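Subject: Handing over a structure

Dear colleague,

I am passing on a structure for you to look at, and my notes on what was found follow below it. Please keep the two side by side as you read.

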Amino acid sequence: MENPTQHLTPEEQFQARIDADVRIEPKDWMPDAYRKTLIRQISQHAHSELVGMLPEGNWITRAPSLKRKSILLSKVQDEAGHGLYLYSAAETLGTTRDQMLADLHSGKAKYSSIFNYPTLSWADMGCVGWLVDGAAILNQVPLCRTSYGPYARAMVRVCKEESFHQRQGFEIMQTLCEGAESQKAMAQEALNRWWWPTLMMFGPKDEDSPNTAQSMNWRIKRFTNDELRQKFVDMMVPQAEFLGLTVPDEKVQWNEARQAYDYGEVNWDEFWAVVKGNGLCNRDRLGARVKAHEEGAWVREAAMAHAAKRAERELVAA
Ligand code: BYC
């Protein structure tokens, strides 16, 4: 019987598989641009997980109780794990971890803008969990259905852990909001600082996003930046109301006709300044990453020597 796709070009066959929701696997043929887009997105995502450990790591020694300290420590460790699943997924596309890290350290590769903001109070740990992880979940649950198999499978586990993270953040906020007036004020002050940067996490407006249309066509992205941002506002405004907090945007209002919240304009100049390396903490964050990498050189060398010795022993035993 004639194969209906046999007269198609490799590009057309590839798109037909994508359109039929067949996962693309590492050994399958794929256009170079698809491979490049995935390496860019997955490695930037991995870098975000690693750099994302820094703002929270700042509070491990200052958490208000032993219980809070151990929860935060576990959360930060989870982020390191997410980075490792993602670097492994990117490696299946033919890049190496050394190359990806070199691109991060040289400033060539990006990581999420959100991690260039400082964490100034304990309530920031609540906001990072509640808002930042909340945004991450909205963005990442659809990535469990992304067209590239290894990325989609890595995201399943990431999302399970992220939902715990989000609940712990909300619980910190709830505890503060049910506490003394000064604690509730601390929660409100943190929300004031984190709200707009969190909206920026979803990326530029669709009309200014060079990658969205192609990534939607390849089903790498399942929703556009603006669609996800709207979902986020619709989810978070009622949660802020439940906490008794006010979202710092006077334009936030329920729109009956759209069945969604209207909201104000993000400060895109600030977004691009942060993306280009001029946010409050960009230099600190990158400096801390490079320092950790350099100071960890002896660990990597020791691990390699240990692995080589073990391989040698196994060879002799065989
Ligand atoms: N920050 O055409 P666009 C986490 C860049 S981890 C910095 O819309 P795309 C967590 C973009 O890269 C959170 N840069 O791009 C971790 C592009 O530049 P290049 C990270 C940004 O890829 C630890 C240019 O702007 N999540 O949540 O179609 C603890 C134009 O943008 C940002 C992921 O990485 C930004 N916010 O869409 C707690 C999820 N936004 O690369 C939490 C996976 C845009 O062309 N990634 N840019 O030079 C994605 O879903 C997509 O890559 C994005 C951007 C929605 C982020």
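**The surroundings of H47**

A polar atom of the side chain of H47 lies 3.3 Å from the backbone oxygen of M100. Please bear in mind that this is a predicted model. The side chain of H47 also makes a polar contact, at 2.7 Å, with the side chain of Y87. H47 belongs to helix α2, which covers residues 32-51, and with a relative accessible area of 0% H47 is buried, because buried means under 20% relative accessible area. If we set aside the neighbours within four places in sequence, the residues in contact with H47 are G52, Y87, M100, L101, L104, A109, K110 and Y111.

**The chain as a whole**

Turning to the protein chain, its secondary structure comes to 13 helices and 2 strands. Its radius of gyration is 22 Å, close to the 20 Å that the globule rule gives for 318 residues, so the chain is as compact as a globular protein of that length. Along the principal axes, the C-alpha atoms fill a box of roughly 70 × 55 × 35 Å.

Of the 318 residues, 46% count as buried, while the chain exposes about 16,600 Å², of which carbon and sulfur atoms supply 56%. Among contacts with a separation of 6 or more, 77% are accounted for by residues 24 or more positions apart.

Methods: Residues numbered from 1 in each chain as written. Predicted model: local features only at pLDDT ≥ 70, side-chain atom pairs only at ≥ 80, totals over all residues. Heavy atoms only, no water. Helix = DSSP H or I, 4+ residues; strand = E, 2+ residues; numbered from the N terminus. Rg over C-alpha atoms; globule rule 2.2 N^0.38 Å. Buried < 20%, exposed > 50% of the residue type's maximum accessible area, 1.4 Å probe, protein only. Contact = heavy atoms within 4.5 Å. Areas by Shrake-Rupley, 256 points an atom, 1.4 Å probe, with all protein chains shown as cover. Polar contact = N/O pair within 3.5 Å; in protein donor to acceptor, adjacent residues only side chain to side chain.
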